[in-house]
Amino acid sequence: MTRYCISNESSAVSLELTGVAGHQKELLEAFQMCQEGTCSCPTDEYQNVASMTVDADESRIAVRLEAKPGAKLDVSEIESCLDYTIGGVEPAR
């Protein structure tokens with residue numbers, strides 16, 4: 001079961017997803033869509049994102065979102081996106 005932790009900084013948000021075994025490929029594909037601005041997340045928070053970096057190994061995925069100058073990232077909206085993305089690749093819990 002995938003779990004995540006969010007760290008909020010002044011102009012960035014860092015995410016760490018653990019327990020990704022078995023779903024890593026699908027999650028990375030979903031994050032790629034987010035990077036391209038083609039995801040179907042139920043929020044428009046991506047409009048505040050200047051850059052997104054993704055780093056992964058076999059047991060975790062780390063994502064860093066940098067806000068556009070003058071913008072602030074809304075952690076609750078990012079949580080909604082994560083819940084939506086994880087829910088799309090994992091069976092209902």
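Trainee: What should I know before we start, and how are the residues numbered?

Mentor: Residues count from 1 along each chain as its sequence is written, and side-chain values use heavy atoms, with hydrogens and water left out. Since the model is predicted, local features need pLDDT of at least 70 and side-chain atom pairs count only at pLDDT 80 or more, while totals for chains, interfaces and linings use all residues.

Trainee: How many helices and strands are there in the chain?

Mentor: The chain has 2 helices and 4 strands. Both kinds are DSSP runs numbered from the N terminus: helices are H or I with at least four residues, and strands are E with at least two. Along the sequence the pattern reads β-β-α-β-β-α.

Trainee: What makes two strands a pair?

Mentor: DSSP has to find at least two bridges between them. Strand β1 (residues 3-8) and β2 are joined by 6 bridges and run antiparallel, so they pass that cut-off. Tyr-4 has Leu-17 as its bridge partner in β2, and Arg-3 stands opposite Thr-18.

Trainee: Which other strands pair with β4?

Mentor: β4 (residues 60-67) pairs with β3 in the antiparallel sense over 7 bridges. Val-49 has Ala-67 as its bridge partner there, and β3 and β4 form a hairpin with 3 residues between them. β2 and β4 also run antiparallel, joined by 7 bridges.

Trainee: Why is strand β2 described as largely enclosed?

Mentor: A residue is buried when its relative accessible area is under 20%, exposed when over 50%, and partly exposed in between, using a 1.4 Å probe and protein chains only. In β2 (residues 12-18), 5 of the 7 residues are buried, so the strand is largely enclosed by the rest of the structure. For the chain of 93 residues, 32% count as buried.

Trainee: How do you know whether Glu-16 is buried or partly exposed?

Mentor: Glu-16 has a relative accessible area of 37%, so it counts as partly exposed. This residue lies in strand β2 and stands opposite Ala-62 in β4. Contact means heavy atoms within 4.5 Å. Leaving aside residues up to four places away in sequence, Glu-16 touches Arg-3, Tyr-4, Cys-5, Arg-60 and Ile-61.

Trainee: Why do Thr-43 and Cys-39 get their accessibility labels?

Mentor: Thr-43 has a relative accessible area of 12%, so it is buried. At 22% relative accessibility, Cys-39 counts as partly exposed. Thr-43 lies in the loop between α1 and β3, and Cys-39 is found in the loop between α1 and β3.

Trainee: What does Thr-43 touch?

Mentor: Not counting residues up to four places away in sequence, Thr-43 touches Glu-77 and Cys-81. The C-alpha atoms of Thr-43 and Cys-81 are separated by 7.0 Å, though the two are 38 residues apart along the chain. Among contacts in the chain with a separation of 6 or more, 60% come from residues 24 or more positions apart.

Trainee: What makes a space a pocket?

Mentor: On a 1 Å grid over the protein atoms alone, a pocket is an open set of points with protein on both sides within 12 Å along at least five of seven lines, whereas a cavity is a set where a 1.4 Å probe fits but cannot get out. Lining residues have an atom within 4 Å of a point. The largest pocket is lined by 20 residues, and Cys-34, Tyr-46, Val-49, Met-52 and Leu-65 lie nearest its centre. The elements giving two or more residues to this lining are α1 (24-36), β3 (49-56) and α2 (75-89).
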